[in-house]
Amino acid sequence: MTEKRGLAFISKSKLGLSLHCIDMGTDPRYTDHINKFGQNEVEHLPKSYSDQERTYIKKRLKEEASACMGQFGIRRTTVDELVKRVKIPKGTFYLFYPSKELLLFEVIQEQHELVNQKLYQELSGLEETDLSADKITDVIFEFYKLTEEMPIFRLMDSGEIELLVRKLPREVVEAHLREDTDTIQKLFSLLPVKKDVDISVLSAAFHAIYYATLHKKEIGEAQYDQALRLLIYGVVTQSI
């Protein structure tokens with residue numbers, strides 16, 4: 001009788017952490033992980049971690065992922081480098097994240113959310129007399145400039161972003177776009193937006209502006225700030 005072995009994976013969902021068991025003999029996810037870090041290391045994975053240990057390891061992985069992206073960019077940030085910095089076996093990484101890309105994307109999302117919160121605070125602090133197109137444009141322009149100055153965004157170019165997005169599950173990308181639309185709707189609920197403005201189109205317009213910021217060199221650094229402000233101003237004046 002052939003012995004069947006299983007491997008446990010922890011994945012994140014809206015309901016929290018989920019434990020999945022896969023057949024090590026047939027499931028392609030196991031074969032993929034064998035190719036990444038070898039049979040012996042898989043067989044010696046820790047059976048379980050306490051909640052405190054899981055919280056600490058995940059926190060350290062995100063810290064080092066942020067540091068590596070700031071230092072190396074997305075392409076050259078590797079699982080090998082991350083586990084070396086966090087001092088965990090390579091197999092342990094996959095108990096927390098099915099892929100490097102999902103970890104990096106989560107870190108980028110969290111840092112982007114911090115900037116979004118700052119933008120929300122700035123817009124909510126505007127007096128009614130300050131709600132002119134020029135003033136709103138100034139606030140949003142500073143938001144884009146702040147994003148550019150964040151270490152993990154400085155080394156990213158359009159190719160790296162596209163590479164990351166291509167390797168993410170479709171449902172993750174779609175969920176992110178929905179959350180972005182919700183965020184923009186929340187931000188513009190603070191402003192006198194025209195009734196006939198489609199928030200999904202407004203969200204797409206600001207996504208387009210963001211992707212334009214990844215082509216700063218192609219646009220021309222001398223004209224970049226003025227071009228960026230003009231794009232923002234155009235969207236704002238058509239929306240409020």
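**Contacts and cores in a predicted model**

Student: What share of the contacts with a separation of 6 or more is between residues 24 or more positions apart?

Tutor: That share is 67%. Contact means heavy atoms within 4.5 Å. This is a predicted model: local features need pLDDT of at least 70, side-chain atom pairs count only at pLDDT 80 or more, and totals for chains, interfaces and linings use all residues. Residues are numbered from 1 along each chain as its sequence is written, and side-chain values use heavy atoms, without hydrogens and water.

Student: How many helices and strands?

Tutor: The protein has 13 helices and two strands. Helices (H or I, at least four residues) and strands (E, at least two) are DSSP runs, numbered from the N terminus.

Student: How many residues are in the largest nonpolar core?

Tutor: It has 29 residues. A nonpolar core is a set of buried Ala, Val, Leu, Ile, Met, Phe, Trp, Tyr and Cys residues joined through side-chain atoms within 4.5 Å. Buried means under 20% relative accessible area, with a 1.4 Å probe and protein chains only.

Student: Which helix gives the largest share of this core?

Tutor: Helix 7, with seven residues.

Student: And what does Phe-206 touch?

Tutor: Beyond neighbours within four places in sequence, Phe-206 contacts Ile-140, Tyr-144, Ile-184, Phe-188, Ile-232 and Val-235.

Student: New topic: helix 4. Which residues are buried there?

Tutor: In helix 4 (residues 79-86), Val-79, Glu-81, Leu-82, Val-83 and Val-86 are buried. Their cover includes helix 3 (51-72), helix 5 (90-96) and helix 6.

Student: What follows helix 4?

Tutor: Lys-87, with a positive phi near 65°.

Technical notes
Buried means under 20% relative accessible area, exposed over 50%, partly exposed in between (1.4 Å probe, protein chains only).
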